[in-house]
Amino acid sequence: MVAARAQSEPLVTEAIVNAPVSEVWRLFTTKEGMESWMVAHADIELKVGGLLRTHYDPKGALGDPNTIVNRILSFEPERMLSIKVDQAPANFKLPEVTRDMWTVIYFQPLEPGMTNVRVVGLGYGDDADSQKLRDYFRKGNAQTLEQLQKKFWPGCALCEKDESLTVPAATTK
């Protein structure tokens, strides 16, 4: 019998996006949406068991060894999307550890035209490699959500004149 691995607390990253939930959902669940802010190449089959394939390198191609392949575990349109790594990129240093984790992304509509995006990473263990992976995603998820926020604040005239008016930072717990 294999011993159960001790589980860490979920890794939660949240950000408020200055866009309606329908638009934020589209940016996470369509090729055109993902390529407009997050990755150089994307392909998504939005169905339970479908694949979400991405590639950050503009010179790369979907299907090459550095393609990230996630499997869609479940979704509720404009509310929640859960994914699990099927294939880490070849250049990723901790591919084995990704097998035990999954991610749930929640989309909560706020006041008109605003969305709270909450990314919850689950399945991290207490071992050293799992904690390295957790740190990697702590930084990466915050950067990703801040990049999404900036998509809806480009060239903010007031922001350029008053440095105190910046995009609200993503928070991680």
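**Figure 1. Elements that line the largest pocket of the predicted model.** Strand E3 (51-55), strand E4 (68-76), strand E5 (80-87), strand E6 (102-109) and helix H3 (128-151) each contribute at least two residues to the lining of the largest pocket, and H3 gives the most, with 9 residues. Helices (H or I, at least four residues) and strands (E, at least two) are DSSP runs numbered from the N terminus. A pocket is an open set of points on a 1 Å grid over the protein atoms alone, where a 1.4 Å probe fits and protein lies on both sides within 12 Å along at least five of seven lines, and lining residues have an atom within 4 Å of a point. This is a predicted model, in which local features need pLDDT of at least 70 and side-chain atom pairs count only at pLDDT 80 or more, while totals for chains, interfaces and linings use all residues. Residues are numbered from 1 along each chain as its sequence is written, and side-chain values use heavy atoms, with hydrogens and water left out.

**Figure 2. Centre and composition of the largest pocket.** The volume of the largest pocket is about 920 Å³, taken as the space filled by probe spheres set on grid points that are joined across faces, edges and corners. Of the 35 residues that line the largest pocket, Tyr56, Ile68, Phe137, Asn141 and Thr144 lie nearest its centre. By class, the lining has 20 nonpolar, 12 polar and 3 charged residues, where Ala, Val, Leu, Ile, Met, Phe, Trp, Tyr, Cys and Pro count as nonpolar, Asp, Glu, Lys and Arg as charged, and the others, Gly among them, as polar.

**Figure 3. The aromatic pair of Phe92 and Tyr136.** The whole structure holds 5 aromatic pairs, a pair being rings of Phe, Tyr or Trp (its six-membered ring) with centres within 6.5 Å, and planes under 30 degrees apart count as stacked, over 60 as edge-to-face and the rest as tilted. The ring centres of Phe92 and Tyr136 are 5.2 Å apart and their planes stand at 70°, so this pair is edge-to-face. The pair links distant parts of the chain, with Phe92 in the loop between E5 and E6 and Tyr136 in helix H3, 44 residues apart. Phe92 counts as buried because its relative accessibility is 17%, whereas Tyr136 is partly exposed at 47% (buried is under 20% relative accessible area, exposed over 50%, partly exposed in between, with a 1.4 Å probe and protein chains only).

**Figure 4. An aromatic cluster.** Trp25, Phe28, Trp37 and Phe107 form one aromatic cluster.
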